Amino acid sequence: MSYDTLRNNSTRPRGGSPRRITGVFRVASGSLVAASNGLFMYDAPSNSFRQLNNLGVSMGRINKILQIDGRPDVILAAENGMFSYDVLADRARLVSQGPVDPVHDLFDLGGGRGVLVAMGEGVFHYDPSSSRFALLGGPTTGRVLNFQPLPSQSVLIAAERGWFRYVHSSLSTVEAGRSVGERINTFMKPDRSNFALIGTENTLLITPDHLFDNARIETQTDLSRIFSSPNHIELRINFSHVCAPSSGFLSLSLKTFHNSAERATVDIRRIQSGQHYHNSAILAASVILDRPGSWAMQLQQGGIPIGRRIEFTVSEAAPTPKIFSILPTAGVIYASIFGVLIFACRWSTLAFRLLHEGVVGAAMRWPLLLLRYSPHIQQWMLEPWFVSQKRLLALDVNSEEGQYLDPKIIRSDDSATLGRLLLQNLKTKNRLWLQGPSGMGKSCVFGAWEREYFRPGRRSTLASAVRTHGFILVPLRVRDYANLTAPESDRPESWTVEALRRHFEAAGYAGIDRGLVAAMVRTRRFAVAFDGMNEADRNIEFCSFAKQFRHAKIIATSQSAPPEASNDEGETWERWRLPISIRELQSDLLIRWMGEERGRILVARLGVSGLSEHLLSGYDLRLVADLASPQREKIELPNSRIALYRAILDRAANVHGSSINFDELKRLAWALLLKGRHKVNLDDQRILGAETVSALSREGVRVLHRRGADFEFRHEQMRDFLAALWISEAFPTAFSVQQELEEQKAFRMMQKDQEEFWRFYAQLLNSDEQLIALWRWATTKPDERPYLITALQEEADRRAITLTRRPRR
């Protein structure tokens, strides 16, 4: 009998009552009841509960109770760990090992295979027969949401970091999907079908029954010229399948066989080449082929073979006397090839790839030690990277440098300098931090640092830049790596190292590994510049990098304050601040952009129109200058910030002379905001249409601009305005917008995105009644919705509305 039934009876059980029952288990002496406030025994004849307080352990809240067939005890998932309760002895003992973390869920694998335990931020396996308790191998899952059994006696795990499949043979998990943060509500495989249906909180998914049946595997390494060796050799294969572009997330491995006997299983990594294909990827693995004979290799996922097994023959190593006889000649050839490749690295990244990859790379990998530890070799081999950075900057320098106004920045001791000159302070200071509000020019100052260092359009080399500044500057725009996770979960600093690796890889250094990048950064010669640290939730990773790489120079921009200290020696950040308001820079900026006479006229018109008081950022002011271009000097200026942004959109439509798909643009802005993205990729461009993208990226409109093959919003403030416009128009009632915000988990967005978005949205509300209704709804959960509450209160003050809560009934 459940507690709900008991509660509805006319006679309530005596004794302390359980709250929020999570499980009931019938035993000889009654019914064992697990609840949020402890463990109880229910005695039916006396209709009473007895709380079990003298168990010898403190379990806290009990989340689940589980009985394993054939065992006299029951297992309890509790707030203070996992416990085994012996009904006969009326005693409990702690089963989980290591740090005491809450156990959220249990899953009986059946057949004596043990129990899966969702504890803390991971998944463990518990074997009751041996009392062995171990963390599962494989990728980090984060907190588990629930377990779902599969027909193949496997288990699908829904967790915060995605979906994972349990592999019992290796006591590990493999990635099974990217549906982050969604519970699995149901799983169904119709009879005689080749697919399965998976129901989540918001989606119905379909998955093939035999996913990799049509996968094709081809070798890229020449297997006909391989000799036995105790050293690692890199094997490359071409993986053709619709899932190939995501092979980096599939937990693939390569199993090797010698004379039909299994030898080893090694991890696979995807090679990021300059070419991208829709259904194929190049995979690589480092293996040891130390014996002659028949070998084979098999691509697999969690023990499941993928594609055909590739068989090949490894020849016996050449006899030692022959090796010695050709050593002098081989040494000369080796040194010559090495010298030529090192020399060629000064002009081409192809030479680096030959040193680092393939057959040549396997024979000459040791010279890369020079790149790890020799500053002069680093300068020589990274010259092509320096040239590529100059070329990228040259695309924007003509439109940015001439219009850049170097702002005055102030240190905490009231000393001042110009933003561009802050880079010079890195000669004597290892940690610099530039703080400023949104739209006040942090990225412009960052761009000035890049131009100061790389000097596009002028004759300069990496060696000359190092002589001038004393370091090799690597610029990272944090927004480009916001969705990147640390590849080594126990080393948060690997996030920054991986971002640096991808930065060099994009410049043509394909195959460069994190170990090489980390070694270079530790040589006291590198400085890393971060633009927009507030644009990604990576504070732990950033602080760990600053602590572990204490000799690397770091300069960063952010809306937020810097960390307390950057390393064990207590080295603090030297903090500089940009102006809080754009008002003091309005006159100088408009004169710089429009010329002396026209700039002063526009400054006067801003004061008369009242728009000057509403401008919050440099981007706002840039929109005003575009609106008052020479062809439109007589146009009436808007009287509010909202009207200014609407006027820019109207101008885009009028200049283009055709209809623009504004509805899709607003919908896209809302989707990008939820994901923390700025880039408008090729798929997004197809949805908007070529005409719309062209109109929005024209000079004088400043909604989008091109970055490589993609476009992105010129500033996140325009993205946030368009997203707010979409919400206010698509969900006009307070109830409908509340549903949309909760369904999309909008309050999980980063702080800087929420602040600007809610400010726009509050100003777009058409009625005071809707503002009051939303404010009352938001205040029901003030800890979750603080930025919405602040924006609504500010708008209420502007409209002279008094906000009061309704009395509770």
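In what order do the 4 strands β9, β10, β11 and β12 lie in their open sheet, and with which pairing? The order is β9-β10-β11-β12, and the pairing is antiparallel. Strands, like helices, are DSSP runs numbered from the N terminus (E, at least two residues, for strands; H or I, at least four residues, for helices), and two strands pair if DSSP finds at least two bridges between them. The edges of this sheet are formed by β9 (103–108) and β12 (132–135), each of which pairs on one side only. From one strand to the next, the twist averages 25°; axes are lines fitted to C-alpha atoms, for helices over the stretch in contact, and angles run from 0 to 180 degrees between N-to-C directions. Strand β10 (residues 115–119) runs antiparallel to β9, and 5 bridges join the two. Within this pair, D108 has V115 of β10 as its bridge partner.

The model is predicted, with local features requiring pLDDT of at least 70 and side-chain atom pairs counted only at pLDDT 80 or more, whereas totals for chains, interfaces and linings use all residues. Residues are numbered from 1 along each chain as its sequence is written, and side-chain values use heavy atoms, with hydrogens and water left out.

The secondary structure of the protein amounts to 24 helices and 37 strands. Of its 809 residues, 50% count as buried, where buried means under 20% relative accessible area, exposed means over 50%, and partly exposed lies in between (1.4 Å probe, protein chains only). The accessible surface comes to about 39800 Å², and carbon and sulfur atoms contribute 50% of that area; accessible areas come from the Shrake-Rupley method with a 1.4 Å probe, and for residues only the protein chains shown count as cover. Among contacts (heavy atoms within 4.5 Å) with a separation of 6 or more, 59% join residues 24 or more positions apart.

Another open sheet of 4 strands has the order β5-β6-β7-β8, again with antiparallel pairing. Strands β5 (62–67) and β8 (91–94) lie at its edges, each pairing on one side only. Neighbouring strands of this sheet are turned against each other by 25° on average, direction ignored. Strand β7 (residues 81–86) runs antiparallel to β8 and is joined to β8 by 4 bridges. F83 stands opposite L94 in β8.

Two asparagines in loops have positive phi values. N47, in the loop between β3 (38–43) and β4 (48–51), has a phi of about 50° although it is not a glycine. N47 is buried, with a relative accessible area of 15%. For N259, phi is near 50°, and the residue is found in the loop between β22 (252–258) and β23 (261–267). N259 is partly exposed, at a relative accessible area of 47%.

The largest nonpolar core contains 79 residues, of which W670, V703, F713, M718, F721 and F757 touch the most other members. Such a core is a set of buried Ala, Val, Leu, Ile, Met, Phe, Trp, Tyr and Cys residues joined through side-chain atoms within 4.5 Å. Helix α20 (residues 716–730) supplies the largest share of this core, 8 residues. Leaving aside residues up to four places away in sequence, V703 touches Y619, I648, L649, L696, E712, F713, R714 and M718. A second, separate core has 59 residues, including W385, L462, L476 and F549.

In helix α13 (residues 586–594), the buried residues are Q586, L589, L590, I591, W593 and M594. These residues pack against α14 (596–609) and α15 (618–627). Just after α13, G595 takes a positive phi of about 95°.

T572 occupies the loop between β33 (553–558) and β34 (574–577) and is partly exposed, with a relative accessibility of 41%. The residues touched by T572, not counting those up to four places away in sequence, are K429, R431 and E564. Between T572 and P562, 10 residues apart in sequence, the C-alpha to C-alpha distance is 8.9 Å.

With a disulfide defined as a pair of cysteine sulfur atoms within 2.5 Å, the count is 0. C444 is partly exposed, at a relative accessible area of 40%, and C543 is likewise partly exposed, at 31% relative accessibility.
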